[in-house]
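Please load the model in a viewer and keep the selection panel open.

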Amino acid sequence: MTEIAILTPDPADSSFAGQWPGVLERLSEALATAGLEARPTPWTEHVDDAAGLGGFPLVLPLIAWGYHRDHGRWLQACTTWQAAGVRMLNPPSVLAWNSDKSYLARLAEKGVAIPETIWVEAATQADVDAAFDRLGTDTIIVKPRVSGGAWKTLRLSRGDRLSDAPEGPAMIQPYLPSIETGGETSLLFFGGVLSHVVNKRPVAGEFRIQTQFGGRYVALPKPPAGALALAERTLAAIDEDLLYARIDMAQGPDGGWLLMEAELIEPDFYLGAAPEGGARFAAAVKARL
């Protein structure tokens with residue numbers, strides 16, 4: 001079997017210890033259907049020297065969790081991998097810019113619909129107080145520009161005091177009630193081709209859709225009306241060499257789809273909902289070797 005590398009979390013970060021091995025197992029099972037063997041290696045071991053990755057025909061950063069808590073080293077690692085010519089997909093250049101959610105503003109400039117967003121260098125009470133009127137809403141979301149898994153993401157109502165604010169550059173958006181009623185929908189693409197669609201909804205009283213907060217995921221037989229068009233517009237605006245992409249979206253107040261995230265680094269592929277358990281993913285990987 002052809003051996004490829006999969007980047008994993010920092011071994012010193014115990015917060016992921018009980019989760020990533022299961023993800024690796026699912027990815028490995030899918031890759032094995034295409035005659036590929038996954039070799040795990042922590043991304044933090046290759047920050048300044050890419051020699052340990054040079055022997056692999058392909059490196060996938062699919063479990064490089066925790067980069068948002070060590071963003072400076074992550075950017076350094078991306079620079080190292082790019083300079084060394086590591087065969088990595090998605091490419092290190094994409095892994096760098098996709099780690100800062102300010103990319104949403106650039107996609108918006110290219111015609112991709114996103115929620116109205118206020119960008120601040122550091123979220124303050126004054127920013128929060130002003131955001132309600134500026135965004136025309138009584139509920140807002142405050143989150144770091146560099147984040148993952150709803151890390152340090154806050155939902156605030158008019159009159160709430162800002163506490164445990166994100167450190168550094170942040171973004172403020174109107175809270176979308178559709179998250180509770182219709183959830184967030186993810187379209188998964190491998191090799192530029194739509195593979196499957198998953199709808200994710202929070203439990204009652206929660207606004208975060210991640211499984212660690214009780215989120216419930218359901219496979220959909222096809223994209224909802226209008227969702228595929230937004231996903232394709234997003235990919236066209238990105239215009240990069242992507243092996244995989246997860247395009248997350250939700251409906252705005254008028255029912256139109258809005259891009260929430262273009263997940264291009266280490267997204268959950270929801271392979272349990274994928275046709276043939278992820279065979280399309282494995283075939284897309286093999287096609288790049």
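Predicted model: local features only at pLDDT ≥ 70, side-chain atom pairs only at ≥ 80, totals over all residues.

**Stop 1: the main core.** Select Trp81 and Phe281, the residues with the most contacts inside the largest nonpolar core, which has 48 residues. Next, colour the elements that each supply at least two residues of this core: strands E1 (2-8), E2 (36-42), E3 (59-60) and E8 (184-190), together with helices H1 (20-32), H2 (71-84) and H8 (279-287). Of these, H1 gives the most, with 5 residues.

**Stop 2: around Phe281.** Which residues are in contact with Phe281, leaving aside its neighbours within four places in sequence? Display Leu27, Ala30, Leu31, Leu60, Leu62, Phe190 and Phe269 to see them.

**Stop 3: helix H8.** Return to H8 and show its buried residues, Phe281, Ala282, Ala284 and Val285. Because these residues cover an arc of only 160° around the axis, they lie on the same side of H8. In general, an α-helix has 3.6 residues a turn, so residues three or four places apart point the same way. The partners against which the buried residues of H8 pack are E1, H1, E2, E3 and E8.

**Stop 4: the loop at Ala12.** Finally, select Ala12, in the loop between E1 and H1. Is Ala12 buried or exposed? Its relative accessibility is 68%, so Ala12 counts as exposed.

Definitions and conventions:
Residues numbered from 1 in each chain as written. Heavy atoms only, no water. Core = buried A, V, L, I, M, F, W, Y, C linked by side-chain atoms within 4.5 Å. Buried < 20%, exposed > 50% of the residue type's maximum accessible area, 1.4 Å probe, protein only. Helix = DSSP H or I, 4+ residues; strand = E, 2+ residues; numbered from the N terminus. Contact = heavy atoms within 4.5 Å. Arc of directions from axis to C-beta.
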